[in-house]
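Thanks for coming. I have one structure to go through today, so please look at the screen.

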Amino acid sequence: MSDVADRVKKIVVEHLGVEEDKVTESASFIDDLGADSLDTVELVMAFEEEFGIEIPDDAAEGIQTFGDAVKFISDAA
Amino acid sequence: MFDLTGKTALVTGASGGIGGAIARALHGAGAVVGLSGTRVEPLNALAAELGDRVHVLPCNLSDPEAVDALPKVAAAAMGGLDILVNNAGITRDQVFMRMSDDDWQSVLDVNLTSTMRLCRGSIRGMMKARWGRIVNISSIVGATGNPGQANYAASKAGMVGMTKSIAYEVASRGITANCVAPGFIATAMTDKLNDDQKDKINAQIPAARMGTPEEIAAAVLYLASEEAGYVTGATLHVNGGMAML
């Protein structure tokens, strides 16, 4: 697993309090990991901070799964 | 009674009577205070009076870009933004049938839209801190209506609905959002009224007098305090009993 994926996974596990093995490529933050809409906003804020990037609101809305987040951040970094 | 030591507070409309009193109250409780307003001179005068822990942050609330930037500027100056008090407001009174689009829009822009922008810009930091206080200064006329003030009343009622919605969304993050709704308060604006006009107003107030800016500031101080952490989505009416809501 890439470095980006590891760091994203760490944030997700810490923020949502879920088991690491639940955080799979296709795991949806809301449907599978129990996030509410405010959690998703906070996750994006945490990603921005961890990776020193800006995630615009329209892009943030497209980040639904763990895989989406890793792909967006890998492309942006 | 309420200790805001270590907290940072931004007050808009701090050049006015009520805003100045709010800034003094928060500062008196130990907060670092950012004074915002359009007129720089009264802000500087107030800052000089308060001494340390004060930042003057002028902003024209009809300029959307300046409004969006204000929370960042304030947080950078004060080292954070824990308490936001949206007090600034304007009136453009007119009989409703003659109210122009501009009368309507300018009041909505400054009173409601700038409040929305400042709330939006402040919440990110509050979410991270897991602590925040938003206090929006509404008005009795937002609840009761007032002839000649359809625009002002709409902006102040809109503020209440918006504040409640924000309160819902961020309550789980330790952030509260409330309104204070002043009735008739003695300020430079009401000083212009003659005695006859004042008597007529006072006759409608069970307390038989106008309120003071300090009485509004005390309500704001309470809602900004640690102790008011379980109060959210509320509107605290401070009106001498003029409307018991």
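I start in chain B, where the bridge partner of B:V33 in strand β3 is B:V54. This is a predicted model: local features need pLDDT of at least 70, side-chain atom pairs count only at pLDDT 80 or more, and totals for chains, interfaces and linings use all residues. Residues are numbered from 1 along each chain as its sequence is written, chains are lettered from A and ligands numbered from 1 in the order in which they are written, and side-chain values use heavy atoms, with hydrogens and water left out.

Back to the strands. β2(B), residues 32-35, and β3(B), residues 54-56, pair in the parallel sense over three bridges; pairing takes at least two bridges found by DSSP. Helices (H or I, at least four residues) and strands (E, at least two) are DSSP runs, numbered from the N terminus. Between β2(B) and β3(B) the chain passes through helix α2, residues 40-50 of chain B, in a right-handed β-α-β crossover. Right-handed means that, with the strands pointing away from the viewer, the path from the first strand over the helix to the second runs clockwise.

On β2(B), B:V32 and B:G34 point one way, B:V33 and B:L35 the other, and all are buried, that is, under 20% relative accessible area with a 1.4 Å probe and protein chains only. β2(B) also pairs with β1(B), residues 8-11, in the parallel sense over four bridges. There, B:A9 stands opposite B:V33.

UniProt, in an unreviewed entry, places the feature "domain: Ketoreductase" at residues 7-171 of chain B. UniProt positions are given in the numbering used here, feature names are shortened, and annotations may be inferred rather than shown by experiment. Over residues 7-171 the chain is 56% helix and 13% strand, and the end C-alpha atoms are 19 Å apart.

Now chain A. At A:S37, UniProt places "modified residue: O-(pantetheine 4'-phosphoryl)serine", again from an unreviewed entry. A:S37 lies in helix α2 of chain A. Is A:S37 buried or exposed? A:S37 is exposed, with a relative accessible area of 56%; the cut-off for exposed is over 50%.
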